[in-house]
Amino acid sequence: MTTSVPGEELLGRVHLCRVVEPGDEVGGRWVREFGVGEVVRRLREGVPAALPGVSEVRWAGLVARARRAVPERDLAVAAEAGARFVAPGDAEWPGQLDDLGDARPLGLWVRGRPSLRMWALRSVAVVGARACTEYGTHVAATLAGGLAERGWVVVSGGAYGIDGAAHRGALAARGATVAVLACGVDRPYPRGHAALINRIAEQGLVVGELPPGDHPTPSRFILRNRVIAALTRGTVVVEAACRSGSLATARAAGRLGRFTMGVPGPVTSALSAGVHELLRAEATLVTDAAEVVELVGDMGELAPPRKGPVLPRDLLEPAARAVLAALPGNRAAGVEEIALGTPTTRDEAIARLYELRALGYVERHGDGWKLTRQAVMSVRTGHGRC
């Protein structure tokens, strides 16, 4: 394990991972004010006076946890699973996690060969509902694949639904992806994603705050989301109901000054209702990887403008277009009638009619002029030869 953190402090942080719950700002304040070593000493010795900010009952519970913690054993178990412990101050520590303040992780357990710090510098979170639709799965996989092809790291939570689709999309594009778990990195959860998470560990990174063997709880899932938000440049939500936990990731990203994005869905779908509320408030609407990169990327990385098809009649001179528009769609018309419908003279209208006939838009009918069949079809359908 390569680290620039002193051994005693690293062991202390590993110890505290068994004692303090993720995101506990009281514990984070203790570490900031008293230092890791002093907090560990007081917990191990079970000093009668509790550290500030907790009741005597809670202090007693923390002391009991501290007495059962064996950091050397946790490090050994992690090493057997191919994981390492990365602490603040390490060369691999992503500095953007410091934006969490006292809620910053005490450290992170990491499985995989790449550098977490380097990967986090160019990363985007793609999150959403577990119970998603085929539309959501398709959008998440396509979006993640497009980001991976552009050299961006896709970060998600390894869960069923949108998370899994995002990871698979990035892997299918031979790109980089990171799974941030709400449990020990040696015990993939959900179990149905064990093969996927193990594959991510082989090709990318699996990250978690909790020590080896720890299990997830509902509150740990929510607290895990702040790490996803802080680690990345922005968060994209693909399908989320109004009470979806993925919305907490997006809102955490907003509080941290990261970009918050949402992919719209059918207005009749309850699984997109949360995304739509997000879009009505602080999020930016995105529909593909190029639009995401335009927000989170460097200057000049712009998404291509969206335009409708250019039709041949769009290339006509303004005067010719005006004459063409003045012709009735269902009958022939005389030159005088056509000229009255345009801001031009009779002679100019005749010249433009002959020009349009050469291009196949109009034809002579006795003394009048009429749109050709292909011109009528072009006007009605918006495409065609004319």
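Reader: What should be kept in mind about the numbering and the atoms used?

Author: Residues are numbered from 1 along each chain as its sequence is written, and side-chain values use heavy atoms, with hydrogens and water left out. Because this is a predicted model, local features need pLDDT of at least 70 and side-chain atom pairs count only at pLDDT 80 or more, whereas totals for chains, interfaces and linings use all residues.

Reader: Why is α7 called oblique to α13?

Author: The axes of helix α7 (residues 134-149) and helix α13 (residues 289-296) come within 8 Å and cross at roughly 55°. That makes α7 oblique to α13, because angles under 35 degrees count as roughly parallel, over 145 as roughly antiparallel, 65 to 115 as roughly perpendicular and the rest as oblique. Such axes are lines fitted to C-alpha atoms, for helices over the stretch in contact, with angles from 0 to 180 degrees between N-to-C directions; helices (H or I, at least four residues) and strands (E, at least two) are DSSP runs numbered from the N terminus.

Reader: Which residues of α7 and α13 meet, and how many of the residues in this contact are nonpolar, polar or charged?

Author: Leu143, Gly146 and Leu147 in α7 meet Ala289, Val292 and Val293 in α13, where contact means heavy atoms within 4.5 Å. By class, the contact has 5 nonpolar, 1 polar and no charged residues, since Ala, Val, Leu, Ile, Met, Phe, Trp, Tyr, Cys and Pro count as nonpolar, Asp, Glu, Lys and Arg as charged, and the others, Gly among them, as polar.

Reader: What makes β1 and β9 the edge strands of the sheet?

Author: The open sheet has 9 strands in the order β1-β2-β6-β5-β4-β3-β7-β8-β9, with mixed pairing. In that sheet β1 (83-86) and β9 (284-285) each pair on one side only, where two strands pair if DSSP finds at least two bridges between them.

Reader: How do you know that β6 pairs with both β2 and β5?

Author: β2 and β6 pair in the antiparallel sense over 3 bridges, while β5 and β6 pair in the parallel sense over 4 bridges. Valine 207 in β6 is the bridge partner of valine 110 and also the bridge partner of valine 180.

Reader: Why are both faces of β6 said to be covered?

Author: Leu205 and Val207 on one side and Val206 and Gly208 on the other are all buried, and buried means under 20% relative accessible area, as against exposed over 50% and partly exposed in between (1.4 Å probe, protein chains only). In a regular strand the side chains alternate between the two faces of the sheet. Helix α9 (residues 194-203) lies across β2 (108-111), β5 (177-181) and β6 (205-208), running at about 110° to β6.

Reader: Why is arginine 174 called exposed and glutamate 239 buried?

Author: Arginine 174, in the loop between α8 (162-172) and β5, has a relative accessible area of 80% and is therefore exposed. Glutamate 239, in the loop between β7 and α11 (246-255), has a relative accessible area of 1% and is therefore buried. Arginine 174 has a positive phi of about 60° although it is not a glycine, and glutamate 239 likewise has a positive phi of about 60°.
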